[in-house]
Amino acid sequence: MTQEEFTHIASEMRANAVTVALKCGAAPADAEDIAQDVMLKLWYLHEKMDDATRMKSLVAITTRHVCIDRWRTTRTHAEVGSMMPLVDEGSLYDRLEYAELEQWMNDQIDALPNTSRIVLTMRQLEHRELSEIADILGIKQTSVSTLLARARNELMNKLKRRNQR
């Protein structure tokens, strides 16, 4: 694809990138940034592409990947505390135990496979619907359910083993 052909379809591709980013849950300002990143990535590939149809489909895929990358880099487990059981913070021992449990849980979540960790975080912390997670990740809703169940079971089994010590 020549530079002229790329610039001719660039505005349409940018609009598609913004739309996909918004569907992935990005804020409007972030969607613009994501679209800019996508357009830059595509600019580097434009000479290797031979047809506009393939370039347009690449926009959607690249945008979704950039959204996931941004989500991964900005996501922390700060909200895990909201999932943790409430304890009486009266004694130092209870506070230390709670802090240790919270750190252990964060480590276990980090140890999950990437996709399982993302699905668990989107469902448990962001309270997203299964269909919404499936759309964002580009997988079937049944796959989301399976990944979520496996992640929960793995965490539950690790917690049981930890408590048996």
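Mentor: Helix H6 spans residues 130–137, and its buried residues are Leu130, Ile133, Ala134, Ile136 and Leu137. Here buried means under 20% relative accessible area, exposed over 50%, and partly exposed in between, with a 1.4 Å probe and protein chains only. A helix is a DSSP run of H or I with at least four residues, numbered from the N terminus. After H6 comes Gly138, with a positive phi near 75°.

The model is predicted, so local features need pLDDT of at least 70, side-chain atom pairs count only at pLDDT 80 or more, and totals for chains, interfaces and linings use all residues. Residues are numbered from 1 along each chain as its sequence is written, and side-chain values use heavy atoms, with hydrogens and water left out.

Turning to another helix, Tyr44 belongs to H2 (residues 28–45) and is exposed, with a relative accessible area of 61%. Leu45 is also found in H2, but counts as partly exposed at 33% relative accessibility. Between Leu45 and Met55 there are 9.1 Å in space, C-alpha to C-alpha, and 10 residues in sequence.

Finally, Arg162 lies over the face of Trp104, 5.1 Å from the ring centre. A charge sits over a ring if NZ of Lys or CZ of Arg is within 6 Å of the ring centre and within 35 degrees of the ring normal.

How values were computed:
Helix = DSSP H or I, 4+ residues; strand = E, 2+ residues; numbered from the N terminus.
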